[in-house]
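Hi,

Here is the structure I said I'd pass on.

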Number of protein chains: 2
Amino acid sequence: MTRLQSLLKKNKRRVIGSMSGTSCDGLDLAVVDIKGRGKNSRINVIYTFHVPYTQKQKEYLLDIITSKSMALKDLSQVNFYLAQIWANSIKKMLRRTRISAETIDMIGSHGHTFYHFPQDEKIIDHSVRSTLQLGDPAVLAQLTGITTVGDFRVSDMAVGGQGAPLVPYFDWILFSKYKKNIIALNIGGIANISFIPASGDRGKIIAFDTGPGNMLIDQLMQRLYELPFDRNGRIAKRGHFIPKLFSFLQSRDTYPAQKPPKSTGREHYGSEFVIDIIKKALRWRTPEPDVLNTITRYTAVTVFNAVKDYITDSVDEVVVSGGGSRNPVIMGMLQELFGKVPVKKSIEYGIDVDYKEAICFAVLANELLNGLPTNVKSVTGAHKEILLGKICPV
Amino acid sequence: MTRLQSLLKKNKRRVIGSMSGTSCDGLDLAVVDIKGRGKNSRINVIYTFHVPYTQKQKEYLLDIITSKSMALKDLSQVNFYLAQIWANSIKKMLRRTRISAETIDMIGSHGHTFYHFPQDEKIIDHSVRSTLQLGDPAVLAQLTGITTVGDFRVSDMAVGGQGAPLVPYFDWILFSKYKKNIIALNIGGIANISFIPASGDRGKIIAFDTGPGNMLIDQLMQRLYELPFDRNGRIAKRGHFIPKLFSFLQSRDTYPAQKPPKSTGREHYGSEFVIDIIKKALRWRTPEPDVLNTITRYTAVTVFNAVKDYITDSVDEVVVSGGGSRNPVIMGMLQELFGKVPVKKSIEYGIDVDYKEAICFAVLANELLNGLPTNVKSVTGAHKEILLGKICPV
């Protein structure tokens with residue numbers, strides 16, 4: 001029996017989940033024990049670890065990602081370079097935790113997204129949509145000596161999907177056993193939700209980006225205070241709500257009215273949007289903490305309205321992850337808006353709020369070995385459920 | 001048991017090997033039945049098929065490959081586009097042969113090489129070498145419904161190898177059972193050899209590029225006759241050998257004197273080299289057929305000298321594949337040079353001379369499923385033998 005055959009036979013695997021986020025801040029790692037398969041998976045997060053990129057690494061990555069044109073060589077090299085630094089990060093984590101590499105069954109590596117183009121474009125005789133995650137999983141496998149699964153988004157796009165979001169499958173595994181209508185909310189730069197119905201019916205999962213997460217707050221903090229973010233919501237807490245500014249935001253922002261499935265990003269909530277806010281605030285002499293308070297409320301309200309407008313079933317619980325869940329002002333506003341529906345943090349379900357995606361890709365990798373499809377047709381738009389990921393055995 | 005588990009358990013598999021050559025002329029496909037594993041593999045080629053790229057497709061590919069700079073999007077899109085057209089080519093072949101897709105166990109796809117950089121370059125804090133084959137194997141898997149193995153070169157480079165050549169493993173499987181010292185010679189644009197020792201000792205395999213294959217002949221045919229190549233060596237046959245021109249070639253060409261491991265390509269035997277030949281021929285008023293004859297002999301002699309100079313064991317047989325093996329003038333010259341050592345075509349061993357690489361990647365894919373390493377350390381320079389390829393299951 002080959003090593004791969006033994007690995008496929010296992011009912012319990014220890015998997016390292018790995019995620020390099022689009023903000024280029026660093027690598028998130030999670031060591032996860034997973035027993036069983038599909039909805040019966042039992043997930044136990046053993047350890048989480050973040051390795052920040054150095055300033056030089058961050059500049060190197062952003063330079064390639066944001067450049068309008070580049071040499072083939074740069075792309076070929078960065079694909080290997082990233083896998084090399086990740087292999088070191090994984091070894092560092094294993095040394096620190098004294099977890100032996102031999103006890104790790106595999107790595108599930110999302111890779112780093114360099115390009116994502118979910119629209120169709122005509123090339124000669126074909127309609128083509130594509131996505132490009134780099135940080136080669138075969139290089140990672142060889143350098144760590146651990147079988148690696150990577151490149152999850154590709155297959156979904158090959159069958160007509162958007163290649164995203166992929167976390168809803170993980171939310172379904174996490175929450176469907178509780179027989180409640182659950183909203184899994186992640187507040188990263190952008191906020192997104194998965195609705196997992198009490199029935200556990202995979203075809204009824206709804207997931208989409210609701211609008212800004214920390215993106216507006218963080219940019220305002222940088223421009224008004226030269227701080228990276230509003231730690232513990234301290235500035236927002238000191239401020240007051242300014243209805244006029246809030247109304248301006250509502251009229252300025254066309255995204256919430258779009259029907260899901262939909263997604264958004266920096267192209268919508270980037271510097272242009274923020275500069276418009278600052279202009280109004282200056283004209284109206286709005287104190288800075290009031291701006292932060294109002295923007296924070298706007299963020300919470302867009303989440304609440306998205307649920308109210310697009311989720312027809314009654315919601316039993318909201319489970320929050322992502323950096324925004326560590327902002328007590330947002331969390332308080334969400335609880336106030338959702339009223340009697342409890343707003344909890346994902347850690348109550350064993351999922352560290354900062355490592356949800358890393359944990360997710362450990363689970364998706366595990367499901368590939370279990371032979372189970374992990375794209376959710378109702379959210380990606382794919383025309384069939386298929387296996388996601390490539391296996392790089394060692 | 002999952003589909004992948006069933007596939008791994010099989011002792012006999014029907015595999016489609018797929019190769020898109022650097023010349024961008026089209027896709028080579030081979031349907032291969034393979035029984036057993038490693039040196040005991042029994043290989044039976046059922047069908048071969050070539051799908052030429054259209055002029056537009058060829059221009060599109062060459063435009064990306066040769067451009068000094070490009071957008072990330074172009075690269076992301078071509079990776080999907082190629083897999084889409086290949087999926088159609090495979091379906092076309094299956095329809096034509098009436099081989100049902102269900103009888104195909106998997107595809108072994110080399111992909112199309114967009115970049116290959118086997119030297120080390122320092123990036124921030126790491127030495128990086130890399131290779132980039134596009135035509136995503138997961139897209140190919142989804143669109144054909146057939147499990148696909150691809151991306152063979154990556155792992156070898158991750159462990160310090162050159163990622164090439166990979167064919168020597170296939171030559172070893174093909175020839176080691178005959179207990180003869182065999183030279184497997186492939187005459188493509190460049191000519192290369194694998195020496196497989198009678199002992200079958202994998203550590204004693206020697207493989208390298210010997211110099212020009214058809215590259216000089218083809219370029220001269222294009223420049224002197226506006227024909228793509230010297231069909232059946234007709235022009236060379238009419239010409240005479242010109243010692244002065246031959247001596248010029250020997251003094252102009254520094255490659256043969258380099259010690260293996262070594263490789264070469266268009267950067268050495270390209271237009272500059274050919275223009276120098278034509279200049280001399282004009283000055284000396286050498287008739288065109290004489291130029292072709294002399295260049296053809298030069299090609300044969302560089303192969304012969306490479307064997308004489310760098311293979312210390314006595315050679316029992318030379319087995320030739322590649323387009324050059326269909327040129328009777330080259331074949332005759334080789335036989336003359338090698339004297340009593342028989343010079344045969346690979347088809348005598350069941351390997352269609354035009355499809356050796358396609359067949360090779362069917363075999364390498366099959367060995368990955370067998371859990372066997374397929375890089376040959378002595379030829380790639382890797383510091384260990386490892387599994388090559390990524391599995392994209394359906």
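Below is what turned up, starting with the interface and then going residue by residue.

Ground rules before the details. This is a predicted model, with local features needing pLDDT of at least 70 and side-chain atom pairs counting only at pLDDT 80 or more, while totals for chains, interfaces and linings use all residues. Residues are numbered from 1 along each chain as its sequence is written, chains are lettered from A and ligands numbered from 1 in the order in which they are written, and side-chain values use heavy atoms, with hydrogens and water left out.

**The interface**

Chain A and chain B bury about 5,300 Å² between them, and 64% of that is on carbon and sulfur atoms (buried area being the accessible area, 1.4 Å probe, that two parts lose on being put together, summed over both). On the chain A side, Leu72(A), Gln77(A) and Gln142(A) lose the most area to chain B, together 13% of what that side buries. Counting contacts (heavy atoms within 4.5 Å), 62 residues come from chain A and 62 residues from chain B.

There are 4 salt bridges across the interface, where a salt bridge is a side-chain nitrogen of Lys or Arg within 4 Å of a carboxyl oxygen of Asp or Glu. You'll also find 23 residue pairs in polar contact across it, both residues at pLDDT 80 or more. A polar contact here is a pair of N or O atoms within 3.5 Å; within protein, one must be able to donate a hydrogen and the other to accept it, and residues adjacent in sequence count only if both atoms are side-chain atoms.

Helix α3 (residues 72-97) of chain A gives the most to the chain A side, with 10 residues. Helices (H or I, at least four residues) and strands (E, at least two) are DSSP runs, numbered from the N terminus. By class, that side of chain A has 35 nonpolar, 17 polar and 10 charged residues (Ala, Val, Leu, Ile, Met, Phe, Trp, Tyr, Cys and Pro count as nonpolar, Asp, Glu, Lys and Arg as charged, and the others, Gly among them, as polar).

**Two residues that touch the other chain**

Asp136(A) sits in the loop between β5 (126-134) and α4 (137-144) of chain A. Is it buried or exposed? Asp136(A) counts as buried, because its relative accessibility is 4% (buried means under 20% relative accessible area, exposed over 50%, partly exposed in between; 1.4 Å probe, protein chains only). Asp136(A) forms a salt bridge with Lys390(B), the closest N and O atoms being 2.8 Å apart. Leaving aside neighbours within four places in sequence, its contacts are Asn79(A), Ala83(A), Asp151(B), Val154(B) and Lys390(B).

Over in chain B, Thr131(B) is in strand β5 (residues 126-134) and is buried, with a relative accessible area of 1%. Its side chain makes polar contacts with the side chains of His116(B) at 2.8 Å and Gln133(B) at 3.0 Å. Not counting residues up to four places away in sequence, Thr131(B) touches residues including Ser76(A), Phe80(A), Tyr115(B) and His116(B).

**Rings**

The structure holds 26 aromatic pairs over all chains. Rings of Phe, Tyr and Trp (its six-membered ring) pair if their centres lie within 6.5 Å; planes under 30 degrees apart count as stacked, over 60 as edge-to-face and the rest as tilted. Tyr115(B) and Phe117(B) have ring centres 6.1 Å apart and planes at 25 degrees, so that pair is stacked. Phe152(B) and Phe361(B) make a tilted pair, 5.2 Å centre to centre with 45 degrees between the planes. That pair links distant parts of the chain: Phe152(B) is in the loop between β6 (148-150) and α5 (153-158), Phe361(B) is in helix α14 (residues 356-369), and they are 209 residues apart. Both Phe152(B) and Phe361(B) are buried. In chain A, ring pairs link Phe175(A), Tyr178(A) and Tyr349(A) into a cluster.

**Helix α13 of chain A**

The buried residues of helix α13 (residues 328-338) are Val329(A), Ile330(A), Met331(A), Met333(A), Leu334(A) and Phe338(A). Their cover includes β7 (182-187), α7 (215-225) and α12 (288-310) of chain A. At the start of α13(A), a side-chain oxygen of Asn327(A) reaches to within 2.9 Å of the backbone nitrogen of Val329(A). Just after α13(A), Gly339(A) takes a positive phi of about 65 degrees.

Cheers
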